[in-house]
Amino acid sequence: MSDTYTITPEIEAFIEECKGKEFSKSYLIAVLHKIQAKYGFLPNNLMEEVAIRMEIPTSKVYGVATFYHMFTLVPEGKHIVNICLGTACYVKGAEQVLNSLKNSLKIDLNQTTEDGLFTLKATRCIGTCGLAPVVMVDEKVYSNVTPDDVPVIIAKYKNK
Amino acid sequence: MGKDIINNYLKIKETSHQRLKDAGYFDRIKIQVGSATCENASGAQDVYTEFEKMVKASGRSDILLHMTGCTGHCSSEPIVGVFIPGDIPVKYGHVTPQKAFEIFTSHVQGNGGPVVDMILDKKTDRLYNHEFVFCGQGTKCGDKSDKVAQAFKEKIKQLGMEETIKVASGVCFGVCNDMNNTSATACYVFPERVFYGNITEADLDEIIEQHIKNNTIVKRLVVKLDRVNNHFFEHYGDVEYFNHQLRLTLKNCGVIDPESIEEYIHFGGFEALANSLQNDSPQAIIDKIRISGLRGRGGGGYPTATKWANTRNAKGDRKFIICNADEGDPGAFMDRSMLEGDPFSVIEGMIIGGYSISSERGFIYIRAEYPLAIERLENAIKLARENGFLGENILGSGYSFDIELRLGAGAFVCGEETALIHSIEGMRGMPRPRPPYPSQKGLWGYPTMINNVETLANVPVILLNGPEWFASVGTEGSKGTKVFALAGKINQTGLVEVPMGTTLRDIIFKNGGGIKDGKKFKAVQTGGPSGGCLPESYLDTIVDYDSLNKAGSIMGSGGMIVLSEDDCMVDIAKFFLEFTQNESCGKCTPCREGTKRMLEILEKITAGLGTMEDLDKLERLGSVIRKASLCGLGQTAPNPVLSTLRHFRDEYETHVKDKKCPAGRCKKLLKYEIIAEKCVGCTACARRCPVQCISGSPKQVHVIDQSRCIKCGMCFEACKFDAVKFN
Ligand SMILES: Cc1cc2nc3c(=O)[nH]c(=O)nc-3n(C[C@H](O)[C@H](O)[C@H](O)COP(=O)(O)O)c2cc1C
Ligand code: SF4
Ligand code: SF4
Ligand code: SF4
Ligand code: FES
């Protein structure tokens, strides 16, 4: 199972590049970002692998991975539905949109749908507060979202 | 060394100019489409593609499709500007691909002129013979400018010329210091684009006689200044939203292509750097920053020159400079817009900062939530390197400096400087006690200077226009401008840059166009999770570091959330506390445990279980957390609660005593009911209710089982007959 997650040649090259630089251990977060970008989460075996390659204690790698909200340790759905719960979005009704998302996807925050298509997550501001409330699916930002828009947005990703 | 640096710069400038010229930048018709996270979310990319197709199909080679960052006018995005050489640009709002077609055929191809209906503000100076824009928001001109403008308006009215002459008030032109008459003001005139300075009421008749009636310019009054705002209208067109601002740090945002170093150089980019390297010692730059009075824009308001001097004087084999682009305050997006729209300004400010502390290496710590800003910064760093502004021996000065990007990973506390340093070092972003301050012991133990994005963007502005001039804008203790991010229940959401000293009222009602849907203003939240809420009676407070502090809030980084009568202040306080509680790194007990206890009390109150003692407890806990926490996060976490307790205590009391939430936001205090007389039994509510607690057969009155209702409000939304009510 764990061999499905490997250090790809690109990641390996990146680690090597970092190791050649001054203060090489400081690139741990950048390396973790690379792995998460590849697999959508941080597989256990890879964190151990990173620890060995970068000569950082495994406990420290875990410590960092668990400290930052953006890193996840479990696999996620194909599409990440991020609802912004920042201040601007909150006062513009993000909670109702969140409820609608929960109803549409039939999951709670930080859960993944059974078909593995969607993971519902919350974020704190993506900097488009002027268009609040916003929902981000993967990289695409939807602005001025109403609870009724939610099923329409979700449907767009169902067949992809 | 001689004059090489400037010459080297001028050479680069020349080749860069040639490249722009070859691309037809100066003589082609420009269609400007914004490209930024917000613009793209509004559909700007589709509009861009549409124009691309049309330009191609038209076969015209004299049209240039020009990408820029965003202008900060979020609520009207996507925005498209049409620049016909020689004309004042016209800006369109809410452009869709369909509307793009109309703009293209009518305006760009010249078949019918500007599409007036879609123009921002729905007006164009073309409708008037002349337009006079008076200085409107200067800290010095202020009232008296209004007086002169008013008198002028009167005269125009008496002469029956309102149809052809427009009198408006707009931006502070930033020439306050050059005015020798204390009752004088300044004004800009379209379409001649002349700038009159030193105007008093006594000059008005002459302007009317000569300028309006004889169509000749009153030479005596013309002032010529090559300041930022002299070209203001040529970039922004005549749009009230922009006219009411003094755009210094945002001057290039929405004007230049953020991926083109040529355009940045064309607008004076890297000139401040070249001048500094040529003429100034590091100490001389620090002295200039001191004269300018610049204070840190990241929230603390610490004097920038002092920080620079401290780092310069600190002992260390090497030194670092960090640009703090973590922008964690949810509801603030100044830095994002700046980095997406004009990344070079920040880089230039950073190189100058690096030079002044003799640092060879800088880091930009940026939150990973801003992918587009990261992309643009990476590109800008690369271009700066290729053009000799970064790297070894910059412009032949002998000074070497380079910048590296470091990404955050979603932790608010990493905006705090010591936590940020740990994060760059690749560790958990936990703060540590200060002193030693980073200026003494920072990254890997070396002296480190940390500045906010906006602080650094101010540096080239100050050096180009002169520190004394900069110090003439703003108030006694707060110089220059501040960018605010307007969000919440306000008509025009977006970014506005105004002189320090502008009142909250002006920002909210003049810049922001007032409260949405004609609702009543309730409060403005400044400073995000570290800040506070100010009520209506404080609307005339001016924004500067000291006044906002005194009022019980803070300037913060510039987030401004406007709240209306529909918002509950207890709920807002709870929201912020949930945020800080969640983001507390857990290192020290007062913050970790204290915020949890405060949150519990707020949850009690919003559930209708609070007591009056709880209010006192909140105050006591708050003051302990403030005093005993290790870092700024904990020290300021109670602020939203304490400020709402101070200014909106009655609202807390209503929750406690009457068990009611007047704004209807605190769910647990709500009760949904179906009015029997109005219910037609359409079953819509029952079908929508997520917990199926509404019963009733079709065409019969429906009833809600209160014990199972989760107060989600779905039934209220579902009912088309106004039969569901709450509270
Ligand atoms: C919890 C916390 C979060 C902060 N977040 C930011 C931030 O996102 N951006 C920023 O520039 N400063 C932030 N600051 C302030 C920085 O610690 C620091 O004072 C600032 O970056 C210094 O730059 P300046 O002097 O140019 O303002 C934060 C402070 C605290 C305590
Ligand atoms: S005040 Fe809060 S965020 Fe700051 S160090 Fe203490 S626990 Fe961490
Ligand atoms: S508020 Fe929600 S849970 Fe309660 S009755 Fe209405 S739909 Fe059902
Ligand atoms: S939706 Fe309104 S009218 Fe229809 S059954 Fe419910 S309460 Fe009655
Ligand atoms: S608060 Fe939602 S994007 Fe800023």
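This is a predicted model: local features need pLDDT of at least 70, side-chain atom pairs count only at pLDDT 80 or more; totals for chains, interfaces and linings use all residues.
Residues are numbered from 1 along each chain as its sequence is written, chains are lettered from A and ligands numbered from 1 in written order, and side-chain values use heavy atoms, with hydrogens and water left out.

**Interface extent**
- On the chain B side, 62 residues are in contact with 38 residues of chain A (contact: heavy atoms within 4.5 Å).
- The two chains bury about 4,100 Å² between them, 58% of it on carbon and sulfur atoms (buried area: accessible area, 1.4 Å probe, that two parts lose on being put together, summed over both).
- Within chain B, the residues losing the most area to chain A are Ala409(B), Arg428(B) and Phe575(B), together 15% of what that side buries.

**Salt bridges**
- Two salt bridges are counted between chain B and chain A (a side-chain nitrogen of Lys or Arg within 4 Å of a carboxyl oxygen of Asp or Glu).
- Arg318(B) and Glu22(A) meet in a salt bridge through their side chains, at 2.3 Å, N to O.

**Ligand 2**
- Ligand 2 has 13 residues around it, and Cys585(B), Lys587(B), Cys588(B), Cys591(B) and Cys631(B) come nearest (near: a heavy atom within 4 Å).
- That shell splits into eight nonpolar, four polar and one charged (nonpolar: Ala, Val, Leu, Ile, Met, Phe, Trp, Tyr, Cys and Pro; charged: Asp, Glu, Lys and Arg; polar: the others, Gly among them).
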